[in-house]
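These are my notebook entries on a single chain, written as I looked up how its parts meet. I record each item in the order in which I examined it.

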Amino acid sequence: MTVDPNAATQSWPSPEPERRQNPARYLIPALVAAAVAVALGAYGKVHDPAGTAFNLAGFSSTGAVKSWLATAAFLFALVQLVSALMVYGKLPGPSWSSTLHRWSGRVAFLLAVPVAVHCLYALGFQSYESRVLWHSLLGCFFFGVFSAKMLLLRWERLPGWLLPIVGGLVFTALTILWLTSALWFFRTFGVTT
């Protein structure tokens with residue numbers, strides 16, 4: 001018996017064939033996102049708006065509080081975008097880019113929550129003009145897609161394109177929310193506290 005020294009060797013036992021991921025598994029985060037968005041929208045629509053939910057000392061109105069909190073959340077979302085580009089190697093960055101990405105996201109979310117609570121409790125889901133309708137829809141969408149992203153972060157073997165797409169949707173929704181609320185407030189009433 002002759003052995004070919006150039007023949008490919010095989011390890012024993014043979015490696016398992018790579019399993020294809022079932023795309024249906026992504027229905028779970030999509031359904032959770034839809035459920036969160038619809039639940040928030042339904043609550044906002046059927047809830048009788050209270051007019052105000054909170055006010056902080058030092059601010060002239062709840063609109064000012066919301067606008068400044070939303071602006072801070074948006075600024076941390078910009079840090080999220082830049083740090084994500086560093087994590088994915090699109091921009092040079094320090095070794096702690098992933099830590100910066102995680103913590104800036106946490107802070108952005110914590111700043112957005114009181115704004116959302118106030119919007120839902122004090123104002124509800126409104127549609128009296130297109131800016132307000134888009135703001136209401138995107139507010140619900142933002143928390144839905146954010147929920148999906150948080151679920152996907154814990155899953156293994158995700159396609160490399162999925163988290164950037166979902167993260168991009170979160171960032172885009174928050175950007176448009178800021179444009180239709182805080183920026184509008186500052187342009188209409190001035191940059192006040």
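Entry 1. I listed the residues through which helices H2 and H5 meet in this predicted model. From H2 I noted Gly-63, Ala-64, Ser-67, Trp-68, Ala-70, Thr-71, Ala-73, Phe-74, Ala-77, Leu-78 and Leu-81. From H5 I noted Phe-171, Leu-174, Thr-175, Trp-178, Ala-182, Phe-185 and Phe-186. I then sorted this contact by class and found 14 nonpolar residues, four polar residues and no charged ones.

Entry 2. I looked up how the two helices are placed. H2 covers residues 62–87, and its axis lies 9 Å from that of H5, at an angle of about 145 degrees. I recorded the crossing of H2 and H5 as left-handed.

Entry 3. I asked what span the 28 residues of H5 should have at 1.5 Å a residue. After H5 comes Gly-190, and its phi is positive, near 90 degrees.

Entry 4. I turned to the aromatic rings and found 11 aromatic pairs in the structure. One of them joins Phe-109 and Phe-143, with 5.9 Å from centre to centre and 65 degrees between the planes. Phe-109 belongs to helix H3 (residues 97–123) and Phe-143 to helix H4 (residues 130–153), so the pair ties together parts 34 residues apart in sequence.

Note on methods
Residues numbered from 1 in each chain as written. Predicted model: local features only at pLDDT ≥ 70, side-chain atom pairs only at ≥ 80, totals over all residues. Heavy atoms only, no water. Helix = DSSP H or I, 4+ residues; strand = E, 2+ residues; numbered from the N terminus. Expected span 1.5 Å × (residues − 1). Axes fitted to C-alpha atoms, helices over the stretch in contact; angles between N-to-C directions. Left-handed = near helix turned anticlockwise from the far one by under 90°. Contact = heavy atoms within 4.5 Å. Nonpolar A, V, L, I, M, F, W, Y, C, P; charged D, E, K, R; others polar. Phe/Tyr/Trp six-rings, centres within 6.5 Å; stacked < 30°, edge-to-face > 60°.
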